[in-house]
Amino acid sequence: MMNFGNVEFDSFRGAQECDQASAFGGDFDFGPSCFTHYGCPSDMSDRAGRGRGNPTSSRIPRCAQSPRQAPVAHSPRPSCAFRPIFHERTTHEDDQVLTQQLWKLARKSGTMNLSNKALARVPERLYDINEADADSKAVNLEQLTIKEEDAWWNQVPLNNLDLSSNTLTHLSPKIENLQSLTVLTLHDNALVELPPEIGKLEKLMRLNVSHNKLSQLPREIYSLPELRHLNISYNEFNELNPDISDLHMLEFLDGGHNNIQSLPGGIGFLVRLTALLLPYNHIKELPPDLVNMRSLQKIDLMQNDLTCLPEDMGLLRKLECLYLQHNDILELPEFEGNETLSELHASNNFIKTIPKAMCSNLPHLKILDLRDNKITELPDELCLLRNLNRLDVSNNTISVLPVTLSSLAHLISLQVEGNPIKTIRRDILQCGTSRILKTLHERALAKAKEEGGGAEEAFTSAGISVTRLRAGQTEDGDMPGNFPDSFHHQQQPNGFQCHCPYPCQQQMQQQFCVYEPLRNCQEYNRQTQGHIYEPENYQQQHQNGSLRSLFMQQQKQRMEYPYPRCFMYQQQQQQQFSYEQDPSSSVAVHPRWVYKLRHTRTLAVNLEELTEVPDQVFQIARDEGVHVVDFARNQLSTLPNGLQHMKDLVTELVLSNNVIGYVPQFISQFTRISFLNLSNNLLNDLPTEFGVLNTLRELNIANNRFQFIPNCVYELKGLEILIASENHIKMLNVSGLQSMPRLSTLDLRNNDIETVPPILGNLTNITHLELVGNPFRQPRHQILMKGTDAIMSYLRDRIPT
């Protein structure tokens, strides 16, 4: 074995002293001193040759110890200047980062990007960028004529300075020279304090100092008159300065991942704040004036020490997302007034019950996350959360699932694992949401058939308040005097009864719908076989006459119906209530329907197997200012023609889970639509006029029969979310996707895509990409599981140069 203990890295002398240096790249010194055990290989070869001629001499055995040799004197080692990779940056090195090219670019664009440059100090020259330098003033007129854009009077003042991802510990007070700054980015540094001179940047609108070592901000910062975005997350703050309430223009505040113990009392003066992010702190209670921030849309308080929420949370009427995971909350408020709330995350707390009133106060709730709590029972009132998409109650102590859950038309994810549920077999629970809801639906029908009683008994057994389902009606049938149109109700029969299996369907009939099929009325179906609303009969009547004549004929048949206990029959007996469409026609409508349409601005009819909808329905909704239309889970084969009456009002249109095979051209007339859900239908193309929907922000065409994304979709310049999973799409049109500058979410799961073009990685505007479930081989599944950033990076690395 060779001993390299004395190897010296000397490229100058090694090539001269060792003839073996070339075998090692010429960078090593293998002189005689290197071989202290066996000596130099050349000497060994000479001795070996002499040994063969001299019988008395022999080779030294491999196991024998070599004779000690005298050390060989070496010439002094030449001095070579080596610079280690990690060393303290000098001022000269930092100044060299600010090249002339960056300087000129910043003077033209007003943006200076010095992120990730390993700066220990900000180049001093930067603070004078808004001043004319000597070189610019020294040029003569002829030079300016040739290159006038470089003239000092044509430069743009610096308004965006990015110094992120460096090693800065301090900022110079000269920062006050950059009076034109509107954006200052300082995240991912080692700042321990900020200079008070930052308070003189009166135009500053965005300040990001996250991922530093700050424990406080200079008081002068709280006097910035235009500051709208402040990010102090991932620092060492123990409290928020009460002077923060002086930032009257502040719209975004992120103070997450600090050690904040409490919030100052004056925080309620931030009336323009739309997002309050304080996760991963130690906040134990919220100040009472928090509810004065009426513009709040998002509150993130996860990973704190909260035990309760303010009772008057309903004053935050614009609140859309509330994150309360990993706290010590014992109960939830009723959220009366938070009608716009769409996401409520309260997992990993100590919640024992779900308030029944909360279910009726959150009509637009889409996500309810209550996993890992202490909930023992789910209320039947959950069926009033009509827009619920995802319900997670896993890892609780729930033993029974209410059958009313099957009436939630938009519920696509129901997570109940980790509960001691005994009323449903485990194999059914493991089959997923669809199977669970189907089982609950079958049990609801069987239960209604067995009981055979009125709605009073059904409601009582279901545990739902009759007063609430009657939209304010008391137990004896009377309506409170303060309820809208209560004077009409005093003239009509008390109450109504129906054998519908789902109480929520009756609630829906009262609240939203003006055109109600009778498929859920057992007594009606038993006697008349439901012939009025059969599809064949409806098509035949539609060919022979108008929808209006058919509707009036159905009204007449219902009035002649001999079963006064039926809901629709009793409603038709209220002749004094009619909604006048024109002098020659009227459609009977309960006043509570009109009130609910006007109050919720929502027309929703689900789970009714509708094949057509009369025009009068949409005319009534138009006159009441309805802007949300939901006909999910029916049997519509196309968009109802009556929708054209609401083309200037509709902002959200939900037609999922129907049998729609084509979309008519009049869809292009909807000038205000921002959300369109056409999932779970039979579509394979969209009309070319679809591309003019410039206001559309989210499009869901999942689970259809598309073999390609229609070209008209690429013309939607304002589209931000495109969900096209569960189709048969075979290829990606990257050039088309490049024409959609605002697209941030692209879901193409479970399609037939065979290849993913590497240039897709250049679409940096896409922040959420889903490609799982396609037959392509690259990227591999392991990369897909790492998320969007890993996928895009992988694709960019494979773009041919």
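I begin with L344, which touches L322, L324, L332, F335, M358, L365, I367, L368 and D369, leaving aside residues up to four places away in sequence; contact here means heavy atoms within 4.5 Å. Please note that this is a predicted model, in which local features need pLDDT of at least 70 and side-chain atom pairs count only at pLDDT 80 or more, while totals for chains, interfaces and linings use all residues. Residues are numbered from 1 along each chain as its sequence is written, and side-chain values use heavy atoms, with hydrogens and water left out.

L344 belongs to the largest nonpolar core, of 97 residues, where L194, L322, F335, L344, L401 and L405 touch the most other members. A nonpolar core is a set of buried Ala, Val, Leu, Ile, Met, Phe, Trp, Tyr and Cys residues joined through side-chain atoms within 4.5 Å. Buried means under 20% relative accessible area, exposed over 50%, and partly exposed in between, with a 1.4 Å probe and protein chains only. At least two residues of this core come from each of α4 (100-109), α7 (356-361) and α9 (433-451). Helices are DSSP runs of H or I with at least four residues, strands are E runs of at least two, and both are numbered from the N terminus. The largest share, 3 residues, is that of α9. Apart from this core lies another, of 65 residues, including L643, M740, V756 and L795.

L795 brings me to helix α22 (residues 788-797), in which T788, I791, M792, Y794 and L795 are buried. Why do they lie on the same side of α22? They cover an arc of only 160 degrees around the axis, taken from the directions from the helix axis to the C-beta atoms. On the other side of α22, D789 and D797 are exposed. The buried residues of α22 pack against β23 (768-770) and α21 (781-784).

K174 is partly exposed at 39% relative accessibility, and E124 is partly exposed at 38%. R425 and D427 also meet in a salt bridge, at 3.1 Å from N to O.

Key. A salt bridge is a side-chain nitrogen of Lys or Arg within 4 Å of a carboxyl oxygen of Asp or Glu.
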